[in-house]
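Thanks for coming, everyone. I have one structure to walk you through today. Here it is on the screen.

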Amino acid sequence: MFIKAWLSLLVDSANANSYLPVQASTFAGDVDAVYNFMLWVSIFFFVVLMGGMTIFVVKYKRKTHTDKTPHITHNYFLEFLWSFIPLVLLLGVFYWGWVVYHKMRTFPDNAIEVQVVGKQWLWEMHYKNGKKVTNDMVVPVDTPVVLNITASDVLHSFFVPSFRIKQDAVPGRMSKLWFEANAVGNYRIFCTEFCGTAHSQMIGSVKVIPQDEYQKWLETDDSAGMSLAQKGETLYKNKGCNACHTTDGEARVGPSFKGLFDSPRSFVGGGNIDKADANYIVESILNPQAKVVQGYQGVIMPPFQGQITEEEIGFIIEYIKSL
């Protein structure tokens, strides 16, 4: 069984294109070059040091009880070499890394700007023309994009592995980051700062599209022609409800939305209602700690007071009714 699993791992490794995520930005190649150089230098010195140590252990092992260690004098040239060579390598890597870092922190003047807000447990992206999306950023290919990143509640960290970019999102502080995607496709966004119960569900994507398609997307009203329930489904995703509430009846961090409307509810600390009506859902969205459902004590849902309109709440209620 062990041999079969080992062989399977070898086959999977052989079929993989790289041990690193796909390169999809102008930074990626430079970052990978520094990383690969450090990796192979480390492997080289590991082999030399461990191999030399093993050879010396075997070759100079004490054979008899009467063996005496020979008198060994200093070799100043060797001592200089094994101090000077690592110094040169470290200074070289430092300079190389600084050049790449400086490039990543020199912001172009002709870039598109997008404001990114991290919150439990979603990413909101705001464009200059007022368009807002949640978790699914859209950018044009071969165009520099500057991100102004902040958080509205706790620490988050915006990370796109394929772009080799990462930046902490800090409440009350605006941090800047930029990239230029050079390949059309969809690339994952992760939060790499533990931010609460549904941290692992705080996943988004960057969709890179041709420049002419981007202009059309930017000017398109995505909600045109949608039913109220469909608008509610869009809000369910865009507001991050899907990070904690499923629509298939399976409990996650919070209760599932399936079968919620008009169902009985029992609450922590006593009390219950026969039917979860529209007023109950409104209260649960705006002040979720007012009534905590049995089995979910200790789960802190952030209030959406001031973050969602009455109209949008109505759309979500219609979506819940449709499940």
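First, a definition: a residue is buried under 20% relative accessible area, exposed over 50%, and partly exposed in between, with a 1.4 Å probe and protein chains only. Two notes on the source. This is a predicted model, where local features need pLDDT of at least 70, side-chain atom pairs count only at pLDDT 80 or more, and totals for chains, interfaces and linings use all residues. Residues are numbered from 1 along each chain as its sequence is written, and side-chain values use heavy atoms, with hydrogens and water left out.

Let's start with Thr 246. Buried or exposed? Thr 246 counts as buried, because its relative accessibility is 6%. Thr 246 sits in the loop between helix 5 (228-238) and strand 11 (265-266). Helices (H or I, at least four residues) and strands (E, at least two) are DSSP runs, numbered from the N terminus. What does Thr 246 touch, leaving aside neighbours within four places in sequence? Tyr 236, Arg 252, Ser 256, Phe 257 and Lys 258. Contact here means heavy atoms within 4.5 Å. The Thr 246 side chain also makes a polar contact with the side chain of Asp 248, at 3.0 Å. A polar contact is a pair of N or O atoms within 3.5 Å; within protein, one must be able to donate a hydrogen and the other to accept it, and residues adjacent in sequence count only if both atoms are side-chain atoms.

Now salt bridges. A salt bridge is a side-chain nitrogen of Lys or Arg within 4 Å of a carboxyl oxygen of Asp or Glu. The structure holds 8 of them. Take Asp 32 and Arg 164: their closest N and O atoms are 2.7 Å apart. This pair links distant parts of the chain, 132 residues apart. Asp 32 is in helix 2, and Arg 164 is in the loop between strand 6 (156-160) and strand 7 (165-169). Asp 32 is buried, at 5% relative accessible area. Arg 164 is buried too, at 12%. Glu 283 and Lys 291 also pair up, at 2.8 Å from N to O. Glu 283 is partly exposed, at 28%. Lys 291 is partly exposed, at 32%. Shared partners join Lys 119, Glu 124 and Lys 132 into one salt-bridge network.

Last, the backbone. Most residues other than glycine have a negative phi, and most peptide bonds are trans. Where is a cis bond here? Between Gln 120 and Trp 121, with omega about -5°. Trp 121 is in the loop between strand 1 (112-119) and strand 2 (122-127). Asn 135 is not a glycine, yet has a positive phi of about 70°. Asn 135 is buried, with a relative accessible area of 8%. Asp 142 has a positive phi too, near 55°. Asp 142 counts as partly exposed, because its relative accessibility is 44%.
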